[in-house]
Each structure stands twice: as C-alpha cells, then as structure tokens.
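Dear colleague,

Please find below the structure that I am handing over to you. A short account of the findings follows it.

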Amino acid sequence: MNLIINIIKSIVFGIVQGVAEWLPISSTAHLILLEQFLPLSLFEDTVSNQQFFDMYKIVIQFASILAVVVMYFGQLNPFGKMEKEKSDSIKKLWLMIMIACVPAGLLGLAVNDYIDAHLSTPLVIAIALIVYGVLFIVIETRPRRKKMKKTEQIEKIDAFKIGLFQILSVIPGTSRSGSTILGGCLIGLSRPLSAKFSFFVAIPIMLGASLLKLFKLRVTWTLSGIIILVVGMISSFIVSIIAIKKLITYVKENDFKVFGYYRIALGAIVLAALFMGVFK
C-alpha cells in the first residue's frame, strides 16, 4: 500500500515538474512546497527520505531535459545530413547557448551548496515568487522594442546578457526559465524566441548542475525507490512535452502577465501559510 501511495505521489511530482520547469513559475519552488504536503516516505528515518527526495528532484529534471532534446532534435543536431549553411547555423546556436550558460554556471559552482543549505526555504521562495511576478507585469507593460524572431539573429552579446539574467535563477523561487525569458524580452527577443532559447539553455545548465549534485549525494537504492523514480521520470517527460508545446502556442498571441499574477498569488499564499505555521 505504501508503494502505491508513493507511486501516486511520484506521478503528481512529475506533473508539477513537467509544467513548472518550462513555465516561468519556478519548478524548484513548486517541488519544495509540494514536498511539505506530499512527502515521499520510502524509509523510516527522515535523513534517508530527504536524501532520496534530493536525488529524486534531480532525476526527474533529466526527464524534462530529455523532452526538449527529443522535441527540438532537428534544430539542435548539427551532424545530420543537411546543407552546410544549416549546419553552421546550428553550430552558431550552440555557441550562443554555451555563452549564455557561462555566468550562471560559474556562479552556481561557487554558491550552490550555500544556497541549498540556507536559501531553499518557503520564506525565500515566497519573496522570489512575488518579486519576479511584479517584474513580469512591469516589463510586459513597457513599450516593446524591435524584436528578434529567429535564433539566427541572436549574437554573442545578446547571449551573454541573457546569461547575466540567468544568474538570478540561483535563488530558489526565481525560476531559471523565468530569468532567461525576462532577459530575452528585455534585450529584444520575441516572446516565442525568448521561451525557446530558455529551453535550449536549460540543456547544458541543468545537465551540469544535476550531474554535480548527483555526484555529491549518497542515496540508498531499493527496488521501490527505482520504481518511484521511473514513474516520476515518465510523468515529467510526457507533461514537459505538452507544457512546452502549449507555452510556445500561448506566447505567440499572449504576454507573460498571467504568470506574473500567478506568482504573486502563490507567493502571498505561501507567506500566509508561513504566518499560520503551516510549513515546517
């Protein structure tokens, strides 16, 4: 019975991860908050459970990354049979992606352990949700500048500027996709291009951060744990594909204000819950 309950919880976590990773609402915030109400309980001691959940969050992120790779493989693979011009264009795109990853990647290596230990709290998450929610609304209210609509238009300086915005995502609750989307919109990328480029930048930055964290973790493996992981990964993968498609379609005709309002509302709920002593 306990295994069945944990499988159901894993499906829920996978759904939340698959949606929140690609929408600018912070998957880390949602997973940490959801854990308060639906903790995975595989072991009798809390330390082992926490270690498993720390690893679990990383592994289901891999499934989200895989969804991007599968969906955009043709746009990201420069080694297939194609014209040299297209191959060169894809190679340039990867150069822009790597440039955008440098600022947050270097800072992440320096402060990742400190942030995990001291800032992954409901209070920090609530504040970040609200602040970024306000930023989305303010930025979307400003007059729009000339927009880039194709990845080929992104230059090195544009990618680096987006990378600087991505530094903000090291704070839990800010959202990695939200940071890159905000940065992209501010420097002149169209909303669909900002969203798509944030998906691409996620591949190396999330892969690197996840591998680093997995290397440091010590987890006890069990058959039930493996089953729960696989279920979460499948759930995250399927929902990620749906969420990415829906977001790209949505932002072609709509702005990001709705995500700003959602973040503010969720942040306010978290603050109220903290005031009432709901969170641990």
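Among contacts in the chain between residues at least 6 apart in sequence, what percentage join residues at least 24 apart? The share is 82%, where contact means heavy atoms within 4.5 Å.

Please note that this is a predicted model, in which local features need pLDDT of at least 70 and side-chain atom pairs count only at pLDDT 80 or more, while totals for chains, interfaces and linings use all residues. Residues are numbered from 1 along each chain as its sequence is written, and side-chain values use heavy atoms, with hydrogens and water left out.

The chain contains eleven helices and zero strands; these are DSSP runs numbered from the N terminus, helices being H or I of at least four residues and strands E of at least two. Of the 280 residues, 48% are buried, that is, under 20% relative accessible area with a 1.4 Å probe, protein chains only. The C-alpha trace spans about 55 × 45 × 35 Å along its principal axes.

The axes of helix 3 (residues 46-71) and helix 10 (residues 223-253) come within 8 Å and cross at roughly 40°; axes are lines fitted to C-alpha atoms over the stretch in contact, and angles run from 0 to 180 degrees between N-to-C directions. The contact includes Phe-52, Tyr-56 and Met-71 of helix 3 and Gly-225, Phe-237 and Lys-245 of helix 10. Its residues divide into 17 nonpolar, five polar and one charged, with Ala, Val, Leu, Ile, Met, Phe, Trp, Tyr, Cys and Pro counted as nonpolar, Asp, Glu, Lys and Arg as charged, and the others, Gly among them, as polar.

Yours sincerely

Note on methods. Buried < 20%, exposed > 50% of the residue type's maximum accessible area, 1.4 Å probe, protein only.
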